[in-house]
Amino acid sequence: MPELPEVEVVRRSLAPALTGSRIVGVEVRRPRMIRRQPRARDFADRLNGRIIEGVGRHGKFLLADIEGDLTWVTHLGMSGHLQVAAPGEEEELHTNVVITTDRSQELRFVDPRTFGFMAVLTPEEVAASSLRLLGPDAHTALPRAPRLAESLQHRSAPIKAVLLDQHFVAGLGNIYADEVLFRAGIRPDRPAGSLSGVEVKRLRGAVRPVLESGLRWGGTSLDDLAYLLPDGRAGENLARLKVYGREDEPCRRCGNAIRRSVIRQRSSFWCATCQQ
Ligand SMILES: [Zn+2]
């Protein structure tokens, strides 16, 4: 699933193409893709003829500002990706939504599994949506260590599960949470409340460099290539991951075999020597 770095790479790539353009066409081919729109017909009505004023992000959500105080929400789900193409250019299979702008370009939402979605919401609808429950963005708004420590101290859930909880902090998924814990030297199954102040500080300090690495290399495309950049290239961070997906391979720091454990139904990759 695309995580914060992948969504941010997409945002940075889309922003110059879309910002200031006017939407002149909206085609929803799979109604399921707009299932979160309170009234389905609002989706096209609210986009058509309007200017895209900016393209932002919170956690794994792309949030574009649309003229008239509307927010165009896109979540890529498990396997979705966005493509910018010229009208007439050959389409990929599972091109489920096509938005055309007055710059004679199409934004195509390709999503084979349709776990992703789009919606265009008024401020009131945003306030009533699950977006309201998102925690601070892991890249731009991570709370300082003492505040993080405070919110962790009574939690008995494994720290890995807490990092995945989008209400706690928004943007980390399975890949980057494992990488953050490796960098911080903390076992994924440690109860969150057992972390010392020093460990919380290390944990906080690990988040930005791990996310920055993902960003620098264009995000992590796994072998299934479900995540691609809007220009069709694959992200190149996979080869740079320290633990995720590396079961039985030697730890890049100590050489011992990387382990895989299942924590709350999610695979976690970690090093039993480097993480305590
Ligand atoms: Zn190690």
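First, the ground rules. The model is predicted, so local features need pLDDT of at least 70 and side-chain atom pairs count only at pLDDT 80 or more, while totals for chains, interfaces and linings use all residues. Residues are numbered from 1 along each chain as its sequence is written, and side-chain values use heavy atoms, with hydrogens and water left out.

Let's start inside. The largest nonpolar core has 37 residues. By nonpolar core I mean buried Ala, Val, Leu, Ile, Met, Phe, Trp, Tyr and Cys residues joined through side-chain atoms within 4.5 Å. Buried is under 20% relative accessible area, exposed is over 50%, and partly exposed is in between, with a 1.4 Å probe and protein chains only. Which members touch the most others? Leu-152, Ile-159, Leu-163, Val-180 and Leu-203 do. Four helices, α4 (145-152), α5 (159-164), α6 (174-184) and α7 (197-216), each supply at least two residues of this core. Helix α6 gives the most, with seven residues. Helices here are DSSP runs of H or I, at least four residues, and strands are runs of E, at least two, numbered from the N terminus. In soluble globular proteins, nonpolar side chains tend to be buried together.

Now the salt bridges. How many does the structure hold? There are 19 salt bridges. The test is a side-chain nitrogen of Lys or Arg within 4 Å of a carboxyl oxygen of Asp or Glu.

Take helix α1 (residues 4-18). Arg-11 and Glu-8 both sit there, three residues apart, about one turn of the helix. They form a salt bridge, with the closest N and O atoms 3.0 Å apart. Arg-11 is buried, and Glu-8 is too. This pair is part of a network of salt bridges that links Glu-8, Arg-11, Arg-12, Arg-57 and Asp-137.

Next pair: Glu-106 and Arg-108, at 2.9 Å, N to O. Are they buried or exposed? Glu-106 counts as buried because its relative accessibility is 11%. Arg-108 is buried as well, at 1%.

Then there is helix α7 again. Arg-208 and Glu-212 meet in a salt bridge at 3.0 Å, N to O. They are four residues apart in α7, so about one helical turn separates them. Arg-208 counts as partly exposed, at 43% relative accessibility. Glu-212 is partly exposed at 26%.

On to the surface. Patches use residues with over 30% relative accessible area and no salt bridge; like charges are joined within 9 Å, and nonpolar side chains (Val, Leu, Ile, Met, Phe, Trp, Tyr) within 5 Å. Accessible areas come from the Shrake-Rupley method with a 1.4 Å probe, and for residues only the protein chains shown count as cover.

Patch one is negative. Glu-53, Asp-65, Asp-69 and Glu-124 gather there. Asp and Glu count as negative, Lys and Arg as positive; His and the chain ends are not counted. Each charge is placed at NZ of Lys, CZ of Arg, CG of Asp or CD of Glu. Asp-69 is in the loop between β3 (61-66) and β4 (70-75). Asp-69 counts as exposed because its relative accessibility is 56%.

Patch two is nonpolar. Met-1, Met-78 and Phe-115 make it, about 270 Å² in area. Phe-115 is in the loop between β7 (105-110) and β8 (117-121). At 41% relative accessibility, Phe-115 counts as partly exposed.
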